[in-house]
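Reader: I would like to learn how to read a protein model. Please show it to me, and then I will ask about its features.

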Amino acid sequence: MTTTTTDERVLSIQSHVVFGYVGGKAAVFPLQCLGYDVDVVNTVNFSNHAGYGRSGGSKTTAKEMEAIFESMEGNELMMPTRLLTGYIPGAEALSAVEKLVKRLKETKDELIYLLDPVMGDAGRLYVAPDVIPVYQRMLPLATIITPNWFEVEILTNTKLTDLPSLQRALRILHTEHRVPNVVISSIPLKPWLAALLPPSISLLHSRTTTSGAAPPTPSPSEPSSSSRNSECGEVPVLADDDTSYLLCLCSSASVSTDATETPSTVHVQIVPLIPGYFSGVGDLFSALLLAHYPAQSPRSSSRSTTTAALPAATHLSLQKTHAILRLTHAHTLTLPACDRQPSDDELDAEEPLRKTRRMRGRELRLVQGQDILRGDEVDGGRGMNPLGAIIARHENDLNLERRGLMTEFKARAILVARREPNGYCSDGMPQSFDARSCYDHMGHGWKMGGRCYGRQQMLLQGTQIRGSCHF
């Protein structure tokens, strides 16, 4: 089991619903399963999440939050070792949280703060625009931030359209806003992103999943979960339509107060979208990431990080989130037909309970999946993939193309098309070749046990690749 054994305490400041699992309801129980005491401040108190179409409740005012914070501090009850903030709808309330975070950072150098800047998704804000500059002011206070694709664009004022723009956005977050750890858990797998991925990511089929079953195939009659409500899991086969997948990215860098630029270490992993609309998945992921991120060393600054800490914590959190979502999806398939009808705006408007029944059946199965949360049933997986090597491979291809030589991408396409073994490798072969040499001199992709195989054959077999002729 992966429960903690220390006396760590989390202060969670985010939304609350009476029914269902979003915001704090999706975060507190998993944190407790992992051994953390959790103190909860609700930024809103609603009957249910907005996906139901109808809800009732109220927002917590900045004055009310300040009164809670002051009372806790006055009674010496403000004792977090970790801080988690999520949905905070207004600038005034968010500013009250900002003041608290500053006070905590002044007295608790080793405080681990995960800031989830919940602002919107898919090009649409669902908070007041005046929260944006407040979030930008709060970025240097965070140990980890977990924005989605759209929120990265807002925070950095950078439209993500290609690799240079993605690198520029990460550079702004690390250098200008001094954020040491950035995790973007829901990047649409655009063609320019898919083209960068090596076969180890883009062609591998995950034969072993957490549940032991193949990933579900999205149904044309059901919408896939949105990017904020999606997660990352095992490596799938890329379909013709790469928009059926998301890329998860984590980036770590040492930051300084003088905005000195330092290289970041970036890792990536892709995930298939599971059919249906699921809420609270991002909240669950952020809580798990905070829980699994290692405690700071007493002799190190809270700004420092190791290159291995973030990808390891991210991967474990992704696997658990993915397993919970699979469990939830499997449950929805057992419901009566009237509780799992596809979305239809007109029919939902005519019969509001139609949407209610659909949402109700898709609430996260956290209690039923508590063994997953504790780590009892989570598969080891392949881990995240370093992006630096991917970028270097891409740049090498561009150089080869300019010189009129065969690129790795073209060589790979030829190798994938070959379905039968074509020759044998001798013991005297060099241990490695570059892309052009591998194709020109060997005419095949990989060697295993002395025999040469095309790359696609090796991937389909799920065999560990070793020996020569590798890219």
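Reader: In β11, which residue is the bridge partner of Leu249?

Author: In β11, Leu249 has Val268 as its bridge partner. Helices (H or I, at least four residues) and strands (E, at least two) are DSSP runs, numbered from the N terminus. Two strands pair if DSSP finds at least two bridges between them. β10 and β11 run antiparallel and are joined by 8 bridges. Another of these bridges puts Leu247 with Ile270 in β11.

Reader: Before going on, what kind of model is this, and how are its residues numbered?

Author: This is a predicted model, in which local features need pLDDT of at least 70 and side-chain atom pairs count only at pLDDT 80 or more, while totals for chains, interfaces and linings use all residues. Residues are numbered from 1 along each chain as its sequence is written, and side-chain values use heavy atoms, with hydrogens and water left out.

Reader: What is the mean pLDDT of the chain?

Author: pLDDT is the predictor's confidence in each residue, from 0 to 100. Where pLDDT is low, the predicted coordinates should not be read in detail. The mean for this chain is 76, and 66% of the residues reach 70 or more. Residues 298-305 have a pLDDT below 50, and this stretch has 22 contacts in the model beyond near neighbours in sequence. Residues 413-471 also have a pLDDT below 50, with 106 contacts beyond near neighbours in sequence. Contact means heavy atoms within 4.5 Å.

Reader: How many helices and strands does the chain have?

Author: The chain has 17 helices and 14 strands. An open sheet is formed by 10 strands, in the order β3-β2-β1-β4-β5-β8-β9-β10-β11-β12, with mixed pairing. Its edge strands, β3 (57-59) and β12 (385-386), each pair on one side only.

Reader: Are the faces of β10 covered or open?

Author: In a regular strand the side chains alternate between the two faces of the sheet. Both faces of β10 are covered: one side has Tyr245, Leu247, Leu249 and Ser251, the other has Leu246, Cys248, Cys250 and Ser252, and all are buried. Buried means under 20% relative accessible area, exposed means over 50%, and partly exposed lies in between (1.4 Å probe, protein chains only). In β11 (residues 265-272), 7 of the 8 residues are buried, so this strand is largely enclosed by the rest of the structure. Over the chain of 471 residues, 52% count as buried.

Reader: Which residues of helix α1 are buried?

Author: They are Gly24, Ala26, Ala27, Val28, Pro30, Leu31 and Cys33. That is 7 of the 10 residues of α1 (residues 24-33), so the helix is largely enclosed by the rest of the structure. The cover over these buried residues includes β1 (9-17), β2 (37-46), β4 (82-85), α9 (281-292) and α13 (370-374).

Reader: At what angle do the axes of α3 and α4 cross?

Author: Two packed helices are described by the angle between their axes and the distance between the axes. The axes of α3 (residues 91-107) and α4 (residues 131-138) cross at roughly 10° and come within 9 Å. Axes are lines fitted to C-alpha atoms, for helices over the stretch in contact, and angles run from 0 to 180 degrees between N-to-C directions. Angles under 35 degrees count as roughly parallel, over 145 as roughly antiparallel, 65 to 115 as roughly perpendicular and the rest as oblique. α3 and α4 are therefore roughly parallel to each other.

Reader: Where does Asn157 lie, and what is its phi?

Author: Most residues other than glycine have a negative phi. Asn157 is not a glycine, yet its phi is positive, about 55°. Asn157 lies in the loop between α5 (149-156) and α6 (163-176), and is exposed, with a relative accessible area of 70%. Arg178 also has a positive phi, near 55°. Arg178 lies in the loop between α6 and β9 and counts as partly exposed, at 28% relative accessibility.
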